[in-house]
Amino acid sequence: MERIIELLQEIKEDIDYETETALIDDELLDSFDILQIISALDEEFDISIPASMIVPDNFNSAEALWNMVQELMD
């Protein structure tokens, strides 16, 4: 999960990704940030995130992103 936090900080560094649990709900990330995150995760973990998984619950926290990545890597 450390690598996910590093990727997120590269995209938007002024957020505490270790404790934040409402990145989407609190509008801390915008649609462009989400696209950058998807691209970074696809490249870093050699996965393809299907449109059906691009929902707020999967992007509200670093932990949720990590869980999604692990699911896609299985």
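Trainee: Is Glu10 buried or exposed?

Mentor: Good place to start! This is a predicted model, and in it Glu10 has a relative accessibility of 60%, so it counts as exposed, the cut-off being over 50%.

Trainee: Which residue does Glu10 meet in a salt bridge?

Mentor: First the general idea: side chains of opposite charge can pair when their charged atoms come close. Here, the side chain of Glu10 meets that of Arg3, with 3.7 Å from N to O.

Trainee: What other salt bridges does Arg3 form?

Mentor: One is with Glu6, at 3.0 Å from N to O. Glu6 and Arg3 lie three residues apart in helix H1, so about one helical turn separates them. Another is with Glu44, where the closest N and O atoms are 3.2 Å apart. That pair joins distant parts of the chain, since Arg3 sits in helix H1 and Glu44 in helix H2, 41 residues away.

Trainee: How exposed are Arg3, Glu6 and Glu44?

Mentor: Each is partly exposed: Arg3 has a relative accessible area of 28%, Glu6 is at 37%, and Glu44 is at 38%. Together with Glu10, these residues are linked in a network of salt bridges.

Trainee: And the nonpolar core: how many residues does the largest one have?

Mentor: It has 22, and Ile4, Tyr17, Leu41 and Leu65 have the most contacts inside it. Helices H1, H2 and H4 each supply at least two of its residues, and H2 gives the most, with six.

Trainee: Which residues is Ile4 in contact with, leaving aside neighbours within four places in sequence?

Mentor: Ile4 touches Leu41, Phe45, Ala62, Leu65, Trp66 and Val69.

Definitions and conventions: Residues numbered from 1 in each chain as written. Predicted model: local features only at pLDDT ≥ 70, side-chain atom pairs only at ≥ 80, totals over all residues. Heavy atoms only, no water. Core = buried A, V, L, I, M, F, W, Y, C linked by side-chain atoms within 4.5 Å. Buried < 20%, exposed > 50% of the residue type's maximum accessible area, 1.4 Å probe, protein only. Helix = DSSP H or I, 4+ residues; strand = E, 2+ residues; numbered from the N terminus. Contact = heavy atoms within 4.5 Å. Salt bridge = Lys/Arg side-chain N within 4 Å of Asp/Glu carboxyl O.
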